Amino acid sequence: MAQKNLLGKITEKLTESLLTLSGALTTIAILFITIFLFKEGFGLFKSPAIEDGYGLYVHPENPVNQLHPLDVKNMYDEEIINWNELGGANQEIMVFRIDDVFDYYTDEDLGENYSLLPEKLGYIISDHKNIIAYVPEEFAPSVTQGSKKVKVHNTTLSDFFLGKEWLPTATPSPLFGALPLILGTLLVSLIAIVLALPLGLGVAVYLSELADERMRKFLKPVIELLAGIPSVVYGFFGLVVVAPLVQKAFNLPVGETAFTGGLILAIMALPTIISVAEDAIRNTPTAMREASLALGATQWQTIYKVVIPYAGSGISAAAVLGIGRAVGETMAVLMITGNAAVIPSTIFEPVRTIPATIAAELGEAPSGGQHFQSLFLLGCILFLISMIISIVSEMISKKKTYKSL
Amino acid sequence: MNQKFKQKAAFFLFRLFSFFIVGILISILGFIVINGISVISWEFLTESPTDGMTSGGIFPAIVGTFYLVIGSLIFAVPLGVMSAIYTTEYAGNGFIVRFIRMMTNNLASVPSIVFGLFGMALFVNKLEFGDSILAGSLTLGLLTLPLIIRTSEEALKAVPDSYRSGSLALGASKLQTIRKVVLPSALPNILTGVILSIGRVSGETAPILFTVAAYFLPNLPQSIFDQAMALPYHLYVLATSGTDLEASRPMAYGTALVLIAIVLIFNLMATFMRQRLNKKFKQN
């Protein structure tokens with residue numbers, strides 16, 4: 001009997017510790033997500049922004065020792081054509097890629113398995129004072145003939161956040177400027193919230209102040225269904241129905257624009273906005289309403305002068321959560337915003353958002369490479385935004401608003 | 001008079017907004033149903049895609065989604081319910097509970113594509129599960145965990161304290177009370193949360209993109225380490241990257257209809273269960 005009691009106590013203790021452990025589960029999950037995302041993402045800043053296994057070489061007398069990735073890209077795009085723009089001598093830049101070696105030597109000159117390639121590259125480089133050669137490290141030109149390796153800068157935080165060009169697969173230097181993606185995300189979310197907030201607030205007021213029980217019983221499931229429709233279905237609907245409509249209505253070359261994305265995102269954010277705002281409005285004390293009505297105010301005056309100000313913090317929380325929904329949405333946006341990674345100048349242009357970029361490119365990015373890391377860094381941004389939004393919305397909805405009355 | 005007119009105008013506008021929302025739902029559902037219904041047939045539901053996804057059926061995608069739902073629930077339901085038991089029955093109301101609740105809310109607000117990234121980094125690469133049903137299920141399970149925790153917490157809180165006191169007064173231990181008294185009475189409400197999660201999990205695309213989803217598989221998955229097709233991803237593929245977009249459109253409509261039917265049936269089930277349960281509680 002005593003033994004059974006002891007066994008029972010042990011099981012009880014064990015179960016309790018198991019329960020405690022599972023209580024910590026979400027905290028552990030958040031911790032893990034943070035670690036994995038940031039570890040992978042920040043790897044981007046730790047290696048030079050040049051394709052893995054490649055190097056850039058110049059003539060030993062060339063004073064240029066290091067280059068910014070953007071300069072490298074511009075040199076190979078022939079937008080920078082003179083070394084003096086980069087602090088070198090006044091001579092035209094001669095761009096050299098590994099394939100160009102056949103302009104100087106035949107296959108036989110290079111020996112078996114290209115064993116003579118490093119030596120020949122050395123000759124080519126020492127013959128041209130204005131050369132920049134982009135070659136695999138495996139065939140790095142021998143120094144004896146005269147060549148100098150140029151250091152390419154690592155991508156920096158400001159390159160990432162302020163860079164205007166997102167060219168993650170460009171050679172020799174990929175560019176990871178996330179500004180167009182960040183602005184695209186903000187633009188689409190802004191359009192969504194501008195459309196959804198007044199609409200959602202109106203419905204919330206109707207549901208909590210005006211609708212009778214029957215109407216509410218009908219509308220509540222409607223809103224829940226709207227929230228339940230998978231985002232890929234919204235994307236499909238947007239692609240087949242809304243995008244052509246937008247194209248026709250505004251006479252555009254393509255229907256997949258920031259505006260189209262904002263429109264669909266507005267619908268997707270509505271259920272969140274409505275339910276949070278409705279809760280806030282419903283929580284206004286009846287005494288407040290009655291006091292206002294007793295003073296002779298109409299029902300509408302009571303709503304917009306008493307109820308809405310009182311529910312103000314809850315309504316702002318609704319707006320913030322709605323934005324959060326829009327910022328993180330992936331599939332619908334991927335399908336209907338046109339996916340052009342350029343800084344938009346109007347809302348009727350294709351844009352590309354952060355989540356859509358991750359979804360579109362992660363499949364093709366080699367695991368562990370810079371492109372892969374840059375997408376994780378984008379994930380870090382999204383993760384941080386969602387954390388901030390979650391904490392801010394909690395803070396505002398907790399704040400009492402008696403003062404504002 | 002002026003005030004009365006303003007009130008009338010405002011209320012009219014709000015009513016209009018509400019009908020507008022109903023209109024949106026009807027037009028989305030109507031569009032999918034009208035275009036998809038003619039595609040649905042026994043063959044569509046039980047055969048594999050053929051001819052570069054322009055004909056045949058979506059059976060492998062249905063099976064894949066079924067596996068993913070089961071897999072994620074096996075992981076998320078026990079852990080979620082246990083976590084809820086801890087916060088409602090054990091942890092009291094101090095700092096720890098507030099912190100845990102904040103973390104649960106934070107996890108709930110993490111965008112689904114971030115779960116996809118995380119699942120890929122941890123389950124697919126680090127733990128070397130590869131693109132597999134296991135990795136996808138764990139990722140989806142993590143995604144739905146906050147929902148299960150939240151609904152379970154509410155369910156447990158709805159159990160009257162008199163039940164607990166009664167059981168404890170009869171000499172039952174705390175654990176016995178939870179197992180034999182609290183959990184059984186909270187079970188229907190917990191189930192509502194589980195049903196909601198089924199709807200959520202079967203519709204998610206972003207988390208499975210890089211953890212399990214396959215474009216096309218000739219055979220059904222044989223083990224939890226195999227890739228699988230899934231309905232939402234299949235719809236995405238059909239809508240955007242098929243070999244012949246025009247020809248695969250009917251398939252896309254059909255897939256969308258099946259997907260939306262599954263998701264909405266589970267959502268409606270949860271709604272009605274909740275309404276009935278609320279009524280029952282009120283009667284008590």
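Biologist: How many residue pairs are in polar contact between chain A and chain B, and what makes a pair count as one?

Modeller: The count between chain A and chain B is 12 residue pairs, both residues at pLDDT 80 or more. A pair counts because an N or O atom of one lies within 3.5 Å of an N or O atom of the other, where, within protein, one must be able to donate a hydrogen and the other to accept it, and residues adjacent in sequence count only if both atoms are side-chain atoms. This is a predicted model, in which local features need pLDDT of at least 70 and side-chain atom pairs count only at pLDDT 80 or more, while totals for chains, interfaces and linings use all residues. Residues are numbered from 1 along each chain as its sequence is written, chains are lettered from A and ligands numbered from 1 in the order in which they are written, and side-chain values use heavy atoms, with hydrogens and water left out.

Biologist: Which helix gives the largest share of the side of chain A that touches chain B?

Modeller: Helix α15 (residues 370–398) of chain A does, with 11 residues; it is called a helix because it is a DSSP run of H or I with at least four residues, whereas a strand is a run of E with at least two, and both are numbered from the N terminus.

Biologist: What is the area buried between chain A and chain B?

Modeller: About 6800 Å² is buried, with carbon and sulfur atoms giving 81%; buried area is the accessible area (1.4 Å probe) that two parts lose on being put together, summed over both. In chain A, Leu19(A), Phe236(A) and Trp300(A) lose the most area to chain B, together 10% of what that side buries.

Biologist: How is chain A divided into domains?

Modeller: Domain 1 covers 54–173 and domain 2 covers 179–404, and the bounds come from an automatic or database domain assignment. Their C-alpha centres lie 48 Å apart, and eight residues of domain 1 are in contact (heavy atoms within 4.5 Å) with 14 residues of domain 2.

Biologist: Why are β1 and β4 of chain A called paired?

Modeller: Two strands pair if DSSP finds at least two bridges between them, and β1 (residues 54–58) and β4 (residues 131–136) of chain A have five, in the antiparallel sense, so they qualify. Among the bridge partners are Val58(A) and Ile132(A), the latter in β4(A).
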